[in-house]
Amino acid sequence: MKQLFDQTGFACSKLVTKKYSTSFSLAVKMLAPKIREDIYSIYAFVRLADEIVDSFHGYEKEKLLNEFENDYYKAYAADISLNPILNSFQLTVKKHKITDDLIQAFLTSMKLDLNKNDYETKAEYDNYIYGSADVVGLMCLKVFVNGDIEKFEHLKSYAMRLGSAFQKVNFLRDLKDDYEVLNRSYFPGIDLKKLDISAKNKIIDEIEEDFSEAFKGIKMLPLEAKFGVYTAYIYYRRLLKKLKETPSEKIMNTRIRVSNPIKISLLAKSFVVYKLNLL
């Protein structure tokens, strides 16, 4: 029975989310039940592509990514895939009319990670972030607005700023692995061998600006999505605060994290803010 297979696909997407990101998984649980499955399916799709380019060392990454892309389009055309992650994603794409330009922009950024090591101009940097993060925010927004095109257009810029903020925090948190393991440098004009407080603060100021703008959009989200997105926002704000307080040299030598007890505390505080209608 196809329905059972579809349910299994969404369950697999949920499992991928839980295994790879406790923070995002926690935030998704704060969304209304009727939209969680589709957000899990989006996360699982982008996570698998990201894992191909970041983690599958010793394998033919380009071949795997091309096969992943081709298999998605086969799934879309056939309305089914024996890959449960692709099956659930194509269902979400069709249900919420996620446009192919968003998917292509994402895959383009993933392909850049196969061979491109340095982003020397702001245009290159912005284009990469648009494809790797902003469009993921737009895919999720498609789910949140549930077909309301006017609301989507109104919230579009805010969703992109939130995606940018999340990605830049990830860049700053992962400097050590990106630079030493993957030989990548995303921030243009910044020498990671000599990351000083001035360079770090420049990056943080840029992220703070993104967060400030994104928060305006969070307050306008549908109720089904507002608390979940706010939870993710609060978690990343705390991570940015830790990065801000961490000396530049330590950022290059370790991966800064927010502990699980702190995540639970942030969730509780977010719930109070939400229930008191302070958003």
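A definition to begin: buried means under 20% relative accessible area, exposed means over 50%, and partly exposed is in between, with a 1.4 Å probe and protein chains only. This is a predicted model, where local features need pLDDT of at least 70, side-chain atom pairs count only at pLDDT 80 or more, and totals for chains, interfaces and linings use all residues. Residues are numbered from 1 along each chain as its sequence is written, and side-chain values use heavy atoms, with hydrogens and water left out.

Start with Gln167. Gln167 has 12% relative accessibility, so it counts as buried. It sits in helix α8, residues 149–173. Helices here are DSSP runs of H or I, at least four residues, numbered from the N terminus. What does Gln167 touch, leaving aside neighbours within four places in sequence? Tyr128, Ile129, Ser132 and Ala133. Contact means heavy atoms within 4.5 Å.

Now salt bridges. The rule is a side-chain nitrogen of Lys or Arg within 4 Å of a carboxyl oxygen of Asp or Glu. That gives 19 salt bridges.

Take Asp38 and Lys95, at 3.2 Å, N to O. This pair links distant parts of the chain, 57 residues apart: Asp38 in α3 (33–55), Lys95 in α5 (84–95). Asp38 is buried at 4%. Lys95 is exposed at 54%.

Back to α8 for Arg161. Arg161 is partly exposed, at 25%. It bridges to Asp210, with the closest N and O atoms 2.7 Å apart. That pair joins α8 to α10 across 49 residues. Asp210 counts as buried because its relative accessibility is 5%. Arg161 also meets Glu209, at 3.8 Å, N to O. Here the separation is 48 residues, with Glu209 in α10 (197–218). Glu209 is exposed, at 54%. Which residues make up the network of salt bridges here? Arg161, Lys168, Glu206, Glu209 and Asp210.

Last, the cavity. A cavity is a set of points on a 1 Å grid over the protein atoms alone, where a 1.4 Å probe fits but cannot get out; lining residues have an atom within 4 Å of a point. Points join across faces, edges and corners, and volume is the space filled by probe spheres set on them. The whole structure has one cavity of 30 Å³ or more. α2 (22–29), α11 (223–245) and α13 (260–275) each supply at least two lining residues. The largest share, four residues, comes from α13. The lining includes Ser23, Tyr235 and Lys263.

How values were computed. On a 1 Å grid over the protein atoms alone, a cavity is a set of points where a 1.4 Å probe fits but cannot get out, and a pocket is an open set with protein on both sides within 12 Å along at least five of seven lines; lining residues have an atom within 4 Å of a point.
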